[in-house]
Each structure stands twice: as C-alpha cells, then as structure tokens.
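These are my notebook entries on one protein chain, written down in the order in which I looked things up.

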Amino acid sequence: DGAPWITWDPQATTLPSQESLERLAKALDSAECPVLVCGQHRCTEEEVQELMGLARSRGLVLLADPTSQLRFAPGAPEHVITTYDALLRTPDVRQQLCPDLVIRFGAQPTSKVYRFWREQHPEVPETLVHPYGMMLEPSQLSHTVLVGQTGAVARELLSRTSRTHHEDVWTRTWQDFDARAK
C-alpha cells in the first residue's frame, strides 16, 4: 500500500500527538478482537490503575507478562489473562485466539510462545506505547510506536473510545481458557 513499515511518533514524552491518539482510539473502537499486552516497564501505581481502568471499563483482554507489574496488581479485573503462555502453546488455540489489534505497553513479553503467536499473525496491526519511544522488540512486529506515558495514554484511550467488549465472544473465550488453565 506504499505506507512505511513502521510509523514513528516521537513528538511528546507524556502523550503522543492528538492525531495519533485519535487514530488509535478509532482502531480500538472498530476492532472485533483487540488485545492489550503489557511487557516489562516501570509504572507508577497510578499508571497501573489507569491501565486496569481501561481494561475494566472497555472489557478488554489484557495479557500481563510476569515482569509487567500488572499480573498481580490490586483490583486486577478478570480481563487480565495470566496463563497466556500456557494457552498459546497449543497450535489450535493460537489460531483461534488471533487478534485484529494489539496495543502493547512496554517491552515485548518474555514468553517465547507469545512471540511465536505474534509471528504467526504478522498482519495484525500492533501499536507499541513506550515512555521513551524505545523499540524493545527484536521481532519488529510493531507497526506504530507512540511515545507516551502508560497512564496518560490509557486515560486518553478511555475518554476517546466508547465500545465495550464485556459480552463479546472474544473476551469470554479468553476468560474461559484462562479459568480452565488455572
């Protein structure tokens, strides 16, 4: 389509540009099978709660790496999937749980199985949100890198989106798999 492989938005350290936020919010609202992914990065307690608030309010699936500070955060909603490494080991499950949008905060998760899942679906757009714009990703699967603080971006996405996924088959499928794996 002539577009660059990676779009980089280094304009701000607290928030990405309004245009970038609006584009991401529209993508999130139109996604049928979105996934939030949290890899290793340092967050304040407030940022953790902002991200949890986005997942809780919009009913989003949130894959929390053990190094992310989110896996066992107080008040973690049922949308936090902690067993994704075990779940994605099965090829049929990897195929069934194919997202149509990935929004990742921080580094790529440490799970090799997660990486294989993402490499199996390179066509799925992924936006990386990082406070310093660091492309902490050897697989090069992020299509867009937004420079911004986790909490501020989560808060902006919450205010700019309206669709909820609480009752979606997508969200319930992840929750059912997660419950069975525990």
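How many disulfides does the structure hold? I looked this up before anything else, keeping in mind that I am reading a predicted model, and I found that the structure holds zero disulfides. I reminded myself that a disulfide is a covalent bond between the sulfur atoms of two cysteines. I then checked Cys98, which is in no disulfide, and noted that the nearest cysteine sulfur belongs to Cys33 and lies 7.8 Å away. Because a disulfide needs the two sulfur atoms within 2.5 Å, I could follow the reasoning for this pair.

Entry on the surroundings of Cys98. I located Cys98 in the loop between α4 (91–96) and β5 (101–105). Leaving aside residues up to four places away in sequence, I listed what Cys98 touches: Cys33, Trp117, His121, Glu123, Val124 and Trp170. For Trp117 I also looked up the spacing, and I noted that Cys98 and Trp117 are 19 residues apart in sequence, with 8.3 Å from C-alpha to C-alpha. I looked at Cys38 as well, which counts as buried because its relative accessibility is 0%.

Entry on the whole chain. I counted seven helices and seven strands in the protein chain, and along the sequence I read their pattern as β-α-β-α-β-β-α-α-β-α-β-β-α-α. The protein chain has 182 residues, of which 53% count as buried, and it exposes about 8600 Å², with carbon and sulfur atoms supplying 53% of that area. I also noted that, among contacts between residues at least 6 apart in sequence, 70% join residues at least 24 apart.

Entry on helix packing. Two packed helices are described by the angle between their axes and the distance between the axes. For α2 (residues 45–58) and α6 (residues 150–160), I noted an angle of about 25° and axes 8 Å apart, and these two helices are therefore roughly parallel to each other. The crossing in which α2 passes α6 is left-handed, and among the residues that meet there I found Leu51 and Leu54 in α2, and Ala154 and Leu158 in α6.

How is α1 set against α6, and at what angle do they pack? I found that helix α1 (residues 18–30) packs with α6 at an angle of about 60°, with the axes 9 Å apart. The residues making this contact include Leu21, Leu24 and Ala25 of α1, and Val153 and Leu157 of α6. I wrote down that α1 and α6 are therefore oblique to each other, and that α1 passes α6 in a right-handed crossing.

Conventions:
Residues are numbered from 1 along each chain as its sequence is written. This is a predicted model: local features need pLDDT of at least 70, side-chain atom pairs count only at pLDDT 80 or more; totals for chains, interfaces and linings use all residues. Side-chain values use heavy atoms; hydrogens and water are left out. Helices (H or I, at least four residues) and strands (E, at least two) are DSSP runs, numbered from the N terminus. Buried means under 20% relative accessible area, exposed over 50%, partly exposed in between (1.4 Å probe, protein chains only). Contact means heavy atoms within 4.5 Å. Accessible areas come from the Shrake-Rupley method with a 1.4 Å probe; for residues, only the protein chains shown count as cover. Axes are lines fitted to C-alpha atoms, for helices over the stretch in contact, and angles run from 0 to 180 degrees between N-to-C directions. Angles under 35 degrees count as roughly parallel, over 145 as roughly antiparallel, 65 to 115 as roughly perpendicular and the rest as oblique. A crossing is left-handed if the near helix is turned anticlockwise from the far one by less than a right angle, and right-handed if clockwise.
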